[in-house]
Amino acid sequence: ARRATLARRMWKRLMPLALLAGCSRTPSFDERLADRSDGTLPEVLAAKVPAGDITIDGRLDEAAWQRAGSTGMFVSPSSGRPAPKSRVNARARLAWSNDRLFVGIVVWDREATSPFSRDDVDPHIWAKASGIELMLQPGTRSDNRDYFEVQVDVAGSVWDTRFDDYNRPIVGGPDDASKRFGHKEWRSQVERAVRKEPDAGRYVIELGIPFGSLGTSSAADPPGPGDAWRMYLYSFRDGQADAMSWSPLLGQGNFHRSSRFGRLRFVD
């Protein structure tokens, strides 16, 4: 009885520490942390899948996603090194069909929030929400010409635009609220789904982007096997105070610098 009493007392002392350790533990990532501080541009191989093999529902449970190429874990945008304490560690998988690019992104954000709704038109996601950003430049150029930007947050709201050149055009007032970024009349026509997984401390954003929406006067035709495009992926929250990226910037401009975009290669 005396031993049982001592054991209960010891448990009462240790239980708060156990609970604290459980609340502050590093998330369990499903890939190893990466280091891209040497500046080498990353490349991901997007597997081709038959039409209908992927349903945009936020689950990533189809066999096609198991064949899809992985970016590996995102890294610190500034240094290219892993940042396990970031609240937006992420990785993505890529696949494609004859008419669409598929992107599945997992973000380890336990407290992801958004003030927006799915039907809001071009809300400033980067300023107020937890979300992801995708930049696409068809072809292998790094001249910053004719690239596209799509942001999606945990509410499923979308902000998308098209740029002629590096950060151009941007018109309007002195702050983000009064500025117009790029050609806002452009629509990505992205199909998207968001799934929160609170037990795993993360959320999933699944995208299907029609290649037909990505045409400009100088952009490449829809891809074929062996073709490569330039691509950038980014996860963020808290007005981008916490952010991770697939390819680090390493001080070479901002997230629009296509020379720091990684390579998306389309394979059979």
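This is a predicted model: local features need pLDDT of at least 70, side-chain atom pairs count only at pLDDT 80 or more; totals for chains, interfaces and linings use all residues.

## A strand and its partners

β5 and β6 pair in the antiparallel sense, with six bridges between them. The protein chain has three helices and 14 strands, and 51% of its 268 residues count as buried.

**Around β5**

- Within the pairing with β6, Leu 136 has Phe 148 as its bridge partner.
- β5 (131-137) also runs antiparallel to β12, and seven bridges join these two strands.
- On that side, Gly 131 finds its bridge partner in Phe 236 of β12.
- Seven of the seven residues of β5 are buried, so the strand is largely enclosed by the rest of the structure.
- In a regular strand, side chains alternate between the two faces of the sheet.
- In β5, Gly 131, Glu 133, Met 135 and Gln 137 point one way, while Ile 132, Leu 134 and Leu 136 point the other way.

**The nonpolar cores**

- In soluble globular proteins, nonpolar side chains tend to be buried together.
- The largest nonpolar core here has 36 residues, and the members that touch the most others are Leu 94, Met 231, Leu 233 and Leu 264.
- Setting aside residues up to four places away in sequence, Met 231 touches Val 44, Leu 94, Leu 134, Met 135, Leu 136, Trp 246, Phe 261, Gly 262 and Leu 264.

**Salt bridges**

- How many salt bridges does the structure hold? There are 20.
- One of them brings together the side chains of Arg 91 and Asp 30, at 2.7 Å from N to O.
- Arg 91 belongs to strand β3 and Asp 30 to the loop between α1 (2-24) and β1, so this pair ties together parts that are 61 residues apart in sequence.
- Are these two partners buried or exposed? Arg 91 is buried, because its relative accessible area is 6%, whereas Asp 30 is partly exposed at 37%.
- Asp 30 also forms a salt bridge with Arg 202, where the closest N and O atoms are 3.5 Å apart.
- Elsewhere, the side chains of Glu 111 and Arg 87 meet in a salt bridge at 3.8 Å, N to O.
- This pair joins the loop between β4 and α3 (125-128), where Glu 111 lies, to the loop between β2 (69-73) and β3, where Arg 87 lies, 24 residues apart.
- Arg 87 counts as partly exposed, with a relative accessibility of 36%.

**Two serines in loops**

- Ser 247 lies in the loop between β13 (242-245) and β14 (262-267).
- Ser 247 is buried, with a relative accessible area of 0%.
- A polar atom of the Ser 247 side chain lies 2.7 Å from the backbone oxygen of Arg 260.
- Beyond residues up to four places away in sequence, Ser 247 touches Leu 41, Pro 42, Tyr 232, Arg 260, Phe 261 and Gly 262.
- Ser 79 is found in the loop between β2 and β3, and with a relative accessible area of 22% this serine is partly exposed.
- The side chains of Ser 79 and Ser 76 are joined by a polar contact of 3.3 Å.
- A polar atom of the Ser 79 side chain also lies 3.1 Å from the backbone nitrogen of Arg 81.
- Leaving aside neighbours within four places in sequence, Ser 79 is in contact with Ser 37 and Leu 250.
- From C-alpha to C-alpha, Ser 79 is 9.1 Å from Asp 38, and the two are 41 residues apart in sequence.

**The chain as a whole**

- Among contacts in the protein chain with a separation of 6 or more, 66% are between residues 24 or more positions apart.
- The accessible surface of the protein chain comes to about 12700 Å², and 49% of this surface belongs to carbon and sulfur atoms.

Definitions and conventions: Residues are numbered from 1 along each chain as its sequence is written. Side-chain values use heavy atoms; hydrogens and water are left out. Helices (H or I, at least four residues) and strands (E, at least two) are DSSP runs, numbered from the N terminus. Buried means under 20% relative accessible area, exposed over 50%, partly exposed in between (1.4 Å probe, protein chains only). A polar contact is a pair of N or O atoms within 3.5 Å; within protein, one must be able to donate a hydrogen and the other to accept it, and residues adjacent in sequence count only if both atoms are side-chain atoms. Contact means heavy atoms within 4.5 Å. Accessible areas come from the Shrake-Rupley method with a 1.4 Å probe; for residues, only the protein chains shown count as cover. A nonpolar core is a set of buried Ala, Val, Leu, Ile, Met, Phe, Trp, Tyr and Cys residues joined through side-chain atoms within 4.5 Å. Two strands pair if DSSP finds at least two bridges between them. A salt bridge is a side-chain nitrogen of Lys or Arg within 4 Å of a carboxyl oxygen of Asp or Glu.
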